[in-house]
Amino acid sequence: MPTDTIKYAIDNFIEEKYVLYKQSEYELFENDEGGESLLIVNVEEESICVTNYDKKKKCSFIREDKKYGMKKCVDHFIIINKNGLWQLHMFEMKTTVGTQTWNNIKLKFRSSYLNICALCVFLGITIDETFAYTTYSKEKFDDIKNTANPSTMKAPLGFKPPQKAIDEWNEGKVTLNFGYSKTFDHIKIKMEKVDERLKSSLKI
């Protein structure tokens, strides 16, 4: 999609200051319960970024029932034009990741992916490839015996039983349920504490 068409969509269809466009560096910042996190992302190609996505408007027609997790949302995302194909990079920022946290993060990836695809319709672009990222400082996984509600580990009828959270976390893939299984590459980013803040950097 020509750049001038995307710029037209940003200027005419999207809420003012909702997206950042064509920047070479983005600061993804999050205040977590355990402290502050900052991920600096460098991008060479044409890009569209939405920071603090969890605090911005999304599609208003989705189900609000907590059991569906459709109101959950990742912290930030960047869409990059790689040789004419658009990549989506979703970022969720945590201090500690464990079994329940990971299951919650997966719901955020799922609902965010759908909302972002809807936004892309207005921008006139199509997502060709998706990557999911989780920043963290500590891992704290429990096995199914220690899970507060083991029934959450049961597979819906017609689906394979889910992997243990720690196995999926370590595999580098995340599989989401859209009524069918869809798998994205998942990259975990270990953050280091610098000046009382968790920090890291990434080039994509």
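The following dialogue discusses how to read several features of a predicted protein model.

Reader: What is the mean pLDDT of the protein chain, and where does the pLDDT fall below 50?

Author: Where pLDDT is low, the predicted coordinates should not be read in detail. Here the chain has a mean pLDDT of 89, with 87% of its residues at 70 or more. Residues 144-148 have a pLDDT below 50, and this stretch makes 5 contacts in the model beyond near neighbours in sequence.

Reader: Which overall figures describe the protein chain?

Author: The secondary structure consists of 3 helices and 13 strands. Of the 204 residues, 43% count as buried.

Reader: In what order do the strands of the open sheet lie, and which are the edge strands?

Author: A sheet is read by strand order and by the sense of each pairing. In this model 7 strands form an open sheet with mixed pairing, in the order 1-4-5-6-8-11-10. Strand 1 (20-21) and strand 10 (173-177) are the edge strands, each pairing on one side only. Helix 2 (residues 99-123) packs on the sheet and touches strand 4 (47-50), strand 5 (76-82), strand 6, strand 8, strand 10 and strand 11 (181-190). The direction of helix 2 makes about 145 degrees with that of strand 6.

Reader: With which strands does strand 8 pair, and is the pairing parallel or antiparallel?

Author: Strand 8 (residues 127-136) runs parallel to strand 6 (residues 85-93), and 8 bridges join the two. Within that pairing, Trp86 has Ile127 as its bridge partner in strand 8. Strand 8 also pairs with strand 11 in the parallel sense, over 6 bridges. There, Tyr136 has Lys190 of strand 11 as its bridge partner.

Reader: In which sense do strand 10 and strand 11 pair, and how many residues lie between them in the hairpin?

Author: Strand 10 and strand 11 pair in the antiparallel sense, over 5 bridges. Asn177 stands opposite Ser181 in strand 11. The hairpin has 3 residues between the strands, and Gly179 takes a positive phi near 95 degrees in it.

Reader: With which residues is Phe77 in contact, beyond its neighbours within four places in sequence?

Author: The contacts of Phe77 are Ile48, Cys49, Val50, Tyr53, Leu88, His89, Met90, Phe91, Ile116 and Leu119.

Reader: Why does Thr130 count as buried, and which residues does it touch?

Author: Burial is judged against a cut-off of under 20% relative accessible area. Thr130, in strand 8, is buried because its relative accessible area is 8%. Not counting residues up to four places away in sequence, Thr130 touches Leu88, Met90, Tyr113, Phe184 and Asp185.

Reader: Where is Phe141, and is this residue buried or exposed?

Author: Phe141 is in the loop between strand 9 (138-140) and helix 3 (165-171). At 16% relative accessibility, Phe141 is buried. Leaving aside neighbours within four places in sequence, Phe141 is in contact with Val97, Gly98, Thr99, Trp102, Ala165, Ile166 and Trp169. Trp169 is 28 residues from Phe141 along the chain, and their C-alpha atoms are separated by 9.7 Å.

Reader: What is phi for Asp195 and for Glu196, and are these residues buried or exposed?

Author: Asp195 lies in the loop between strand 12 (192-194) and strand 13 (197-203), and Glu196 is in the loop between strand 12 and strand 13. Phi of Asp195 is near 55 degrees, positive in a residue other than glycine. For Glu196, also a residue other than glycine, phi is positive and near 65 degrees. Asp195 is exposed, with a relative accessible area of 69%, and Glu196 is exposed, at 64%.

Definitions and conventions. Residues are numbered from 1 along each chain as its sequence is written. This is a predicted model: local features need pLDDT of at least 70, side-chain atom pairs count only at pLDDT 80 or more; totals for chains, interfaces and linings use all residues. Side-chain values use heavy atoms; hydrogens and water are left out. pLDDT is the predictor's confidence in each residue, from 0 to 100. Contact means heavy atoms within 4.5 Å. Two strands pair if DSSP finds at least two bridges between them. Helices (H or I, at least four residues) and strands (E, at least two) are DSSP runs, numbered from the N terminus. Axes are lines fitted to C-alpha atoms, for helices over the stretch in contact, and angles run from 0 to 180 degrees between N-to-C directions. Buried means under 20% relative accessible area, exposed over 50%, partly exposed in between (1.4 Å probe, protein chains only).
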